[in-house]
Amino acid sequence: MSEKIEGSVGNIIFRNDESGYTVFTITSNALFGEKVVVGRFCELSPGQYLEIEGEWKLDSKYGRQFQAKSFKIKHPTTVAGILNYLSSGLIKGIGPELAERIVDKFGEKTLSIIENCPDRLKEVSGIGEKRIEMIKSALEQEKGVRELFLFLGEKNISTNLALKIYKRFGQNSIDIIKNNPYVLPDELWGVGFRTADRIASEFEMPKDSPYRIASGIIYTLKLALEDGNLFLPKKELVERSSGFLEIKQEKVAKYLPELIEDKKLIIEDNRVYLPRYWSYETGLAAYLTGYLTSQRRLFSDVSKEEIGSLEGSFGMSYTDEQKKAIQFAFSEGLLIITGGPGTGKTTLVRGIVEIAKRRDISILLASPTGRAAKRLSEATGMEAFTVHRLLEYNPGKNRFEKNKDNLLECDMVLVDEASMLDIEVAYHLLSAIPPGARLIFVGDGDQLPPVGPGMPFKSVIRSGAFRVVRLRKIFRQEEKNLIVLNAHRVIKGEMPIVRNDADSDFFFIRRRTPADALDYILELVSERLPKSLGISPVDDIQLLTLMHKGVCGARNMNVSIQRVLNQSDEGIEFRDYFFKTGDKVMQIRNNYDKLVFNGDIGRITEINREESYIEVMFDEPTRYDISELDEIVPAYAITVHKSQGSEYPVVILPLFTEHFLLLQRNILYTAMTRAMRMMIIVGTEEALRLAVANARIMHRNSYLSQRLRLC
């Protein structure tokens, strides 16, 4: 028999984000304590007050539960409920201590006073005008989100998503969703086509709606971008779109001309692009071509005597290929230097920078990440910038201040870790380099392609249009330095040398199952390595994984490692993770407003429930509103792909056949070259052999190298 219950959300026991199925506790005086509720809900937060309709059931395993059929988000009416609600952090500006003072003052009238007479909050000690304005704003937003929830009913829209929708569209949110929910993926980061599609289906929008088909086609290209592709062949785009839209290919193909006419797509010789990425690729090709055709500033050739003077200053000798690279750096418009670990790239860069200094040539140094820029600065004794900082990104105007209309002032630009440049960053960089200035790309062509779309570094090399110097001689071949030696063996398809001696820097530890490996890794991280090497288990040890899921996937390992390394009770739950003060976290999208970028790693330094934010220390302290927590993930363990451009004292990599599709030579090589002091692989020999033998590289659709060959 159906009945209604009311109460405050307590503990979220389980939640499936895809289905919305949630198990949680609810508390109220009428229920005589805490009860368990199950059903499909939006993403809930502890403290929210719900009215739920359903019926009591007796589960043979879990006991008496209330199975929900529908629910409404309401305001509590009892003093205890109001205190729980205000203490939850849902109203920005009110935390547990302040909530208690407010409720002590106003009792059951608290919410009415906050909504209708907020200026009376001055009667509570510690509340001034600034705090009242913050509470007013938060309450207005919460009210809007609550109305949005009531409208959406059981459509499984998360609190976070509703908040994002309201922040973007405000009072127009409901009208926009009713009219065309497919506008959400275009307007909101983190909202995909499938979410919009689910909302549309709740409003019985037909599957062949023009809005749906158009959005589905664009979504297919966005998915391709996530795999690194700049375009899809027309036939493949139609097939992919038709497949997941579950409509005939003819209907999909019918809408392509309209999208092209509206300039939402660009087609070129059967290659279909999103306009922005077509502009990046063609624009980058044009800038690169300029290095072949334009006049360059004349520098005199680098003499043998100059190189000899460098060798004397550095107390070393350059190889013939390094000497050629130094000479080409001052004679070529664009030079690419590529080589693996230990091949002398850093020493070579030092020489180029030193000659530029001695000749009074203005040279700028840059790298895609903050860590790589710091290493470049330390190696050269000269300030190095991230590319975004070099180009002076202005978050207020959402643009780079250095661009084709306001060029950099320099004679040369040298970019280290250039294999990490995606098509967008490479385009903006080259657009800001003055005509005639020289450009030097330094990187490792065997590394994984960049996290973002395209692969400009490899495309430029493959084009054959520019001077490329390949550094092949390995300098760091000492018997104890197996990391470098084994990285070069792996990239050639040879099994690594394993000694597992006490003084070695490369270890392969055999474990039969992922569960056995995880237990061993937890022991290494929490006890053995910190004690034996005198290092920080959080800052100096990085776990790398091939995938997110599984026992040795990033998700499970992060939860497991947090349990042994971070005993803090202060935290905040978000989705399936409980963030704590002191946690190691990683940014997973470029946020130009905050000047933090995809792959940046930091530590949580503050969690402020009263004002609903957390603070993360990257290079600078960075504040995140609770609604922005989907931009960060725990980073005790990260995927190999996300580790590019970074180096860590100790790297641990679990390797099992469960990761079969990702057991690839270049992924293993990239993981190994992240380690500076020690590399530890834990897994099976079969998985290691499969990874070394598999030279397959994931293909990316890019036409940049072909454009350069045609110039």
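**A tour by salt bridge, helix pair and barrel**

Select Arg-359 and Glu-306 to begin: their side chains form a salt bridge, 2.8 Å from N to O. Arg-359 sits in the loop between α15 and β10 (363-367) and Glu-306 in helix α13 (residues 304-314), so this pair ties together parts that are 53 residues apart in sequence. Glu-306 is partly exposed, at 24% relative accessibility. Keep in mind that you're looking at a predicted model.

Now bring up helix α15 (residues 345-358) along with helix α16 (residues 370-380): they pack at about 60°, and their axes are 9 Å apart. To see the contact, show Thr-346, Val-349, Arg-350, Val-353 and Lys-357 on α15, then Leu-376, Ala-379 and Thr-380 on α16. By class, that's four nonpolar, two polar and two charged residues. The crossing of α15 and α16 is right-handed.

Glu-647 is in the loop between β26 (637-639) and β27 (648-655), which puts the two partners 272 residues apart. Both ends are partly exposed, with Glu-647 at 27% relative accessibility and Arg-375 at 22%.

For a network of salt bridges, select Glu-268, Arg-271, Glu-281 and Arg-707.

Last stop: the barrel. Five strands close it in the order β1-β2-β3-β5-β4, with mixed pairing. Neighbouring strands are turned by 50° against each other on average, ignoring direction. Zoom in on β1 (residues 3-15) and β4 (residues 49-59), which run antiparallel and are joined by six bridges. Ile-5 stands opposite Ile-52 of β4.

How values were computed. Residues numbered from 1 in each chain as written. Predicted model: local features only at pLDDT ≥ 70, side-chain atom pairs only at ≥ 80, totals over all residues. Heavy atoms only, no water. Axes fitted to C-alpha atoms, helices over the stretch in contact; angles between N-to-C directions. Helix = DSSP H or I, 4+ residues; strand = E, 2+ residues; numbered from the N terminus. Left-handed = near helix turned anticlockwise from the far one by under 90°. Contact = heavy atoms within 4.5 Å. Nonpolar A, V, L, I, M, F, W, Y, C, P; charged D, E, K, R; others polar. Pairing = 2+ DSSP bridges. Salt bridge = Lys/Arg side-chain N within 4 Å of Asp/Glu carboxyl O. Buried < 20%, exposed > 50% of the residue type's maximum accessible area, 1.4 Å probe, protein only.
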